[in-house]
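Here is a short report on one predicted model. Have the sequence and the structure open while reading.

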Amino acid sequence: MSTIPRALTIAGSDSGGGAGIQADLKTFQELNVYGMSAITAITVQNTLGVENVYPLPPKAAAEQIDAVGSDLGVDALKTGMLFSAEIIQAVADRIRAFGWTKVVVDPVMIAKGGASLLLPEAVHALKKSLLPLAYIITPNIPEAETLSGMHIGNMEDRRNAAKRICSLGAKQVVIKGGHDDSGGDRVVDLLYDGSDFTELHGQRIFTKHTHGTGCTFSAAITAELAKGASSAQAVQTARDFIQAAIESHLGLGQGHGPTNHFAYRRLQGGVL
Ligand SMILES: Nc1ncnc2c1ncn2[C@@H]1O[C@H](COP(=O)(O)OP(=O)(O)O)[C@@H](O)[C@H]1O
Ligand SMILES: Cc1ncc(COP(=O)(O)OP(=O)(O)O)c(N)n1
């Protein structure tokens, strides 16, 4: 009987392989976790942007979740691009039905190129149906502003927004700092566990190759939770993983290229 930790990603497909389920599965693999997927939408995407979005029927997402949940088992899961209120509702229903608790919600809204990956009218469903199921939610700053309903201009605002997001039902929140360029050569992610704040500091890398950083970060948290790590340990490993991945990006594509999912293993002395 295998004891390998199992993680599920419920997210959209990125044909370019840098974000979405492709980034999630690569991250799970690199962190020695068995990866499974339930696809919510297919995007036509490369490093230059998202050309088209084809959402799947909510029933298709629910059936994929049922297929893996009833057979292979899930130790932790993450959600990414969910696109519509109907898909969010179907996903939330299945998470509740299985009683899964290690749930990481990456509230994907808008891709870096500006394409909408969540319909504006679906924000309400995200807040009402999915947020209360989140063990950890990982918004970037614009997403945290939408969820909290407040402007975030500094770290004090970020702390207040984190408290508001937890008051909506999420147990813990990481407000990521990639979009806050006020810190010079530092990048700071803020974890709020419902009572205490922890700042995770890193070196800001000045590069355009940051496509899929949020997906990769939340997938790494999910992989570590599947292995039994605490949320603080999981978030720190995810920060180390994404830092290494951005630092040694692959230089692919003509636009915002993907990060290097192999880099963390190399850092740990693994064989490539
Ligand atoms: N230029 C950068 N240098 C180092 N780390 C970064 C950089 N940009 C983003 N990150 C890290 O990548 C992760 C995702 O951050 P962010 O860009 O805020 O989210 P998203 O990709 O969802 O917009 C965070 O851990 C953040 O600290
Ligand atoms: C299919 C799909 N899902 C999510 C995203 C957004 O990914 P993110 O990690 O926020 O990175 P950017 O796209 O903002 O670079 C996506 N693009 N596609």
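## Helix α3

Within α3, the buried residues are Ile87, Ile88, Ala90, Val91, Ala92, Arg94 and Ile95. The helix covers residues 85–98. Its 14 residues should span 20 Å at 1.5 Å a residue, and the end C-alpha atoms are 20 Å apart, so expectation and model agree. Directly after α3 comes Gly99, with a positive phi of about 75 degrees.

An α-helix has 3.6 residues a turn, so residues three or four places apart point the same way.

Strand β4 takes in residues 76–79 and is covered on both faces. Ala76 and Lys78 are buried on one side. Leu77 and Thr79 are buried on the other. In a regular strand, side chains alternate between the two faces of the sheet.

Two pairings involve β4. Strand β1 (residues 6–14) runs parallel to β4 and is joined to it by 4 bridges. Here Ile10 is opposite Thr79. Strand β5 (residues 103–105) also pairs with β4 in the parallel sense, over 3 bridges. Leu77 has Val103 of β5 as its bridge partner.

## The nonpolar core

The largest nonpolar core holds 78 residues. Those touching the most other members are Ile88, Val91, Ala134, Ile165, Val173, Ala220 and Ile221. Helix α7 (residues 213–227) contributes the most to this core, giving 8 residues. Two of the names above, Ile88 and Val91, are also among the buried residues of α3.

Which residues does Ala220 contact beyond its neighbours within four places in sequence? They are Thr27, Leu31, Thr237, Ala238, Phe241 and Ile242. In soluble globular proteins, nonpolar side chains tend to be buried together.

## Around ligand 1

The shell around ligand 1 has 18 residues, of which Asn140, Lys176, Gly178, Thr213 and Gly214 come nearest. Strand β8 (186–192), α7 and α8 (231–247) each give two or more residues. The most come from α8, with 4 residues. By class, the shell has 9 polar, 5 nonpolar and 4 charged residues.

## Around ligand 2

Ligand 2 has 20 residues around it. The nearest are Gly12, Ala19, Gly20, Lys112 and Gly214. At least two residues come from each of β1, β2 (34–46) and α7. Strand β1 gives the most to this shell, with 4 residues. The classes are 11 polar, 7 nonpolar and 2 charged.

Gly214 is named among the nearest residues for ligand 1, and again for ligand 2. Helix α7 likewise supplies residues to the shell of ligand 1 and to that of ligand 2.

How values were computed: Residues numbered from 1 in each chain as written. Chains lettered and ligands numbered in written order. Predicted model: local features only at pLDDT ≥ 70, side-chain atom pairs only at ≥ 80, totals over all residues. Core = buried A, V, L, I, M, F, W, Y, C linked by C-beta atoms within 7 Å. Buried ≥ 20, exposed ≤ 12 C-beta atoms within 10 Å, placed from the backbone. Contact = placed C-beta atoms within 7 Å. Near = placed C-beta within 6 Å. Nonpolar A, V, L, I, M, F, W, Y, C, P; charged D, E, K, R; others polar. Expected span 1.5 Å × (residues − 1). Pairing = 2+ DSSP bridges.
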